[in-house]
Amino acid sequence: MPPKKKDELPKTDAGWKVKLTPGQYYILREKGTEPPFTGSLLSNKAKGVYVCAGCGAELFSSETKFESGTGWPSFYDVYNSKNVELHKDSGFLMERVEVLCKRCGGHLGHVFDDGPKPTGKRFCINSDALLFQKTPKEKWQKKR
Ligand code: FE
């Protein structure tokens, strides 16, 4: 899906509920987490770009996806840093860094410091926060 402009996005919870599936709504708008090893994109090995299921913003690339063994799609870098926001989350006594879509504010997952080289980061992202787009090599290879 082409990225939506900010003013085309729903402004209320009710509006988001209509636009998203219940699974997407739970992750993106209620900061939920899908059970491990259940997400549809966990084992996706196709080459392309992962966009926000809420607004279509480009977030991650197949180029930096890796098998973390955690049960969630994992990336060691973002694809377009302009579209990703990080935010300290101390919700569960444990301090974690939340990963959000900058355009629609949707919750995507968390980032940890135990990822592979070259970044050492592990972006642990819910499948239901993402949509996969098969794109030509020129596109997914190039970081923006
Ligand atoms: Fe978004």
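Is Phe123 buried or exposed, judged by relative accessibility? Phe123 counts as buried, because its relative accessibility is 6%. The notes below concern a predicted model.

1. Overall make-up. The chain contains three helices and nine strands. Read from the N terminus, the order of elements is α-α-β-β-β-β-β-β-β-β-β-α. The radius of gyration is 14 Å, close to the 15 Å that the globule rule gives for 144 residues, so the chain is as compact as a globular protein of that length. The C-alpha trace spans about 40 × 40 × 25 Å along its principal axes.

2. Of the 144 residues in the chain, 47% are buried. Among contacts with a separation of 6 or more, 57% are between residues 24 or more positions apart.

3. For comparison, the ideal angle for four tetrahedral donors is 109.5 degrees. Cys52 and Cys101 are both buried.

4. The nonpolar core. The largest nonpolar core has 26 residues, and the members touching the most others are Leu59, Phe60 and Leu108. At least two residues of this core come from each of helix 2 (22–28), strand 1 (48–52), strand 2 (58–61), strand 6 (94–101), strand 7 (107–112) and strand 8 (122–125). Helix 2 gives the largest share, three residues.

5. Surroundings of Leu59. Setting aside neighbours within four places in sequence, the contacts of Leu59 include Tyr50, Val51 and Cys52. Further on in the chain, Leu59 is also in contact with Val78, Tyr79, Asn80, Asn83 and Val84, and with Cys101, Leu108 and Leu130.

6. Aromatic pairs: Tyr50 and Phe132. The chain has five aromatic pairs. In one of them, the ring centres of Tyr50 and Phe132 are 4.9 Å apart and the planes are at 55°, so the pair is tilted. Tyr50 belongs to strand 1 and Phe132 to strand 9 (residues 130–134), and the pair links these distant parts of the chain across 82 residues. Tyr50 counts as buried because its relative accessibility is 0%.

7. Aromatic pairs: Phe60 and Phe123. This pair is tilted as well, with 5.7 Å centre to centre and 55° between the planes. Phe60 is in strand 2 and Phe123 in strand 8, so the pair ties together parts 63 residues apart in sequence. Phe60 has 0% relative accessibility and therefore counts as buried. Phe123 counts as buried too, at 6%.

8. The ring cluster. Which residues do the ring pairs link into a cluster? The cluster consists of Tyr50, Phe60, Phe75, Phe123 and Phe132.

Methods
Residues numbered from 1 in each chain as written. Predicted model: local features only at pLDDT ≥ 70, side-chain atom pairs only at ≥ 80, totals over all residues. Heavy atoms only, no water. Core = buried A, V, L, I, M, F, W, Y, C linked by side-chain atoms within 4.5 Å. Buried < 20%, exposed > 50% of the residue type's maximum accessible area, 1.4 Å probe, protein only. Helix = DSSP H or I, 4+ residues; strand = E, 2+ residues; numbered from the N terminus. Contact = heavy atoms within 4.5 Å. Phe/Tyr/Trp six-rings, centres within 6.5 Å; stacked < 30°, edge-to-face > 60°. Rg over C-alpha atoms; globule rule 2.2 N^0.38 Å.
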